[in-house]
Amino acid sequence: MLSVSTKTGDKGQSGLANGERLGKDELIFDVLGTQDELNSWLGLCVAKLSGHFEEQKDFLLQIQESLFYIGAELAHSPKVKIEETTLKLLETHSNELQSKMDKDWTTKFIFPGGNEAAAVVDVARTVSRRLERLVVRYSRTTEVSSVIFQYVNRLSDYLFVLRCFVNHEEKYQEKKFQP
């Protein structure tokens, strides 16, 4: 029988993709754990989006795959690297969603959430921002590709646009912050 328990981490260490072993409390594992958490939230987003969001659900699955590439690259995989075309695709999808909404959709601060699916996307957006902060912190000691920096920055933007698009399509009346 195959077991998921390797017992190699029983003394507080874990391995990177290149075979290097480090303490589980190293920053890289906070980064990879947050990347994994974000990927899980995106899985919930896919589950929560209704059937008429098939295109967005399919693209979220592509984003999940991209996050695996990012995680592998950050874990020093000698074989895996995220490509700039992946970043361009993210930007294109964001622009397409924005073009489908009213011209003034971003003129006010809006409360997080909306309908249930949009609220879950909003949580994913905040986890994405945390991942970005951790990647920046990690880059102070380890080289990180510019594509990773750009992708995690654009990803939170895309997720914000997606939550707005979902609310727009579902005719949810956004609650605007009025100071």
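This is a predicted model: local features need pLDDT of at least 70, side-chain atom pairs count only at pLDDT 80 or more; totals for chains, interfaces and linings use all residues.

Numbering runs from 1 along each chain as its sequence is written, and side-chain values use heavy atoms, with hydrogens and water left out.

Still zoomed out, the C-alpha trace spans about 50 × 40 × 35 Å along its principal axes. Colour by secondary structure and you get 5 helices and 2 strands, in the order β-β-α-α-α-α-α along the sequence. These are DSSP runs numbered from the N terminus (helices: H or I, at least four residues; strands: E, at least two).

Next, select L60, I63 and L74. They have the most contacts inside the largest nonpolar core, which has 50 residues. Such a core is a set of buried Ala, Val, Leu, Ile, Met, Phe, Trp, Tyr and Cys residues joined through side-chain atoms within 4.5 Å. Helix 1 (27-48), helix 2 (54-74), helix 3, helix 4 and helix 5 (146-169) each give two or more residues to this core, and helix 5 gives the most, with 12.

Now go to helix 4 (116-138). How far apart are its end C-alpha atoms? They are 33 Å apart, which agrees with the 33 Å that its 23 residues should span at 1.5 Å a residue; the expected span is 1.5 Å times one less than the number of residues. At the start of helix 4, show side chains: an oxygen of N115 reaches to within 3.1 Å of the backbone nitrogen of A117.

Step back into the loop between helix 3 (84-99) and helix 4 to find F109. F109 counts as exposed because its relative accessibility is 67%.

H76, in the loop between helix 2 and helix 3, has a positive phi near 65° without being a glycine; at 28% relative accessible area, H76 is partly exposed. Then pick K171, in the segment after helix 5. K171 is not a glycine either, yet has a positive phi of about 60°, and at 71% relative accessibility K171 counts as exposed.

Conventions: Buried means under 20% relative accessible area, exposed over 50%, partly exposed in between (1.4 Å probe, protein chains only). A polar contact is a pair of N or O atoms within 3.5 Å; within protein, one must be able to donate a hydrogen and the other to accept it, and residues adjacent in sequence count only if both atoms are side-chain atoms.
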